[in-house]
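Open the model in your viewer and keep the selection tool ready. We will go stop by stop.

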Amino acid sequence: MYAIVKTGGKQYKVAPGDKLNIEKLDAAVGDKVELEAICVVDGANVEADPAKAAATKVTAIVLEQFKGEKQLVFKFKKRKNYKKLRGHRQQLTRVQIEAVGAAKAEKPAAKKAAKKAEKPASEDAE
């Protein structure tokens, strides 16, 4: 099972256990974040509608915040004696994908177990 997620204006193909570098997120190291899924593929079942795919939860853990490699920006105009050299280092976040869609499947089972536990307790109180 894998998903296509959208974050930082880019799209990434992710599966559980993947590590990837994305645009900086406002989250501390060790925090769990949810990414927006726009497509989910589970074997032969493909959900390509972004509205329906957004219901699937893609959770990730923030591993570190860091700066990317330096990118040189050189501006030049011939015969005008105009040259500028600038550098840029993008702020990035390294995340590890924890689960794709697992939280969606666990919720109904957890609710049924909670209801079964409550019923005998309420009958004993009467």
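Start with the aromatic rings. The count here comes to 1 aromatic pair. Rings of Phe, Tyr and Trp (its six-membered ring) pair if their centres lie within 6.5 Å; planes under 30 degrees apart count as stacked, over 60 as edge-to-face and the rest as tilted. Select Phe 74 and Phe 76: their ring centres are 6.3 Å apart and their planes are at 15 degrees, so this pair is stacked.

A word on the model. This is a predicted model, where local features need pLDDT of at least 70, side-chain atom pairs count only at pLDDT 80 or more, and totals for chains, interfaces and linings use all residues. Residues are numbered from 1 along each chain as its sequence is written, and side-chain values use heavy atoms, with hydrogens and water left out.

Stay on Phe 74. Is Phe 74 buried or exposed? Its relative accessible area is 52%, so Phe 74 is exposed (buried means under 20% relative accessible area, exposed over 50%, partly exposed in between, with a 1.4 Å probe and protein chains only). Phe 74 sits in strand S7. Strands (E, at least two residues) and helices (H or I, at least four) are DSSP runs, numbered from the N terminus.

Together they form a nonpolar surface patch with about 480 Å² of accessible area. Patches take residues with over 30% relative accessible area and no salt bridge, and join nonpolar side chains (Val, Leu, Ile, Met, Phe, Trp, Tyr) within 5 Å and like charges within 9 Å. A salt bridge is a side-chain nitrogen of Lys or Arg within 4 Å of a carboxyl oxygen of Asp or Glu. Strand S7 (residues 71–77) gives the largest share of the patch, 3 residues.

Next, select the loop between S7 and strand S8 (82–88), where you will find Arg 79. Arg 79 is not a glycine, yet its phi is positive, about 60 degrees. Asn 81 is in that loop too. Its phi is about 55 degrees, also positive in a residue that is not a glycine. Arg 79 is exposed at 73% relative accessibility, and Asn 81 is exposed at 74%.

Move to Lys 77 and Tyr 82. Lys 77 lies over the face of Tyr 82, 5.4 Å from the ring centre. The rule asks for NZ of Lys or CZ of Arg within 6 Å of the ring centre and within 35 degrees of the ring normal.

Last, zoom out. The chain has 2 helices and 9 strands.

Definitions and conventions:
Accessible areas come from the Shrake-Rupley method with a 1.4 Å probe; for residues, only the protein chains shown count as cover.
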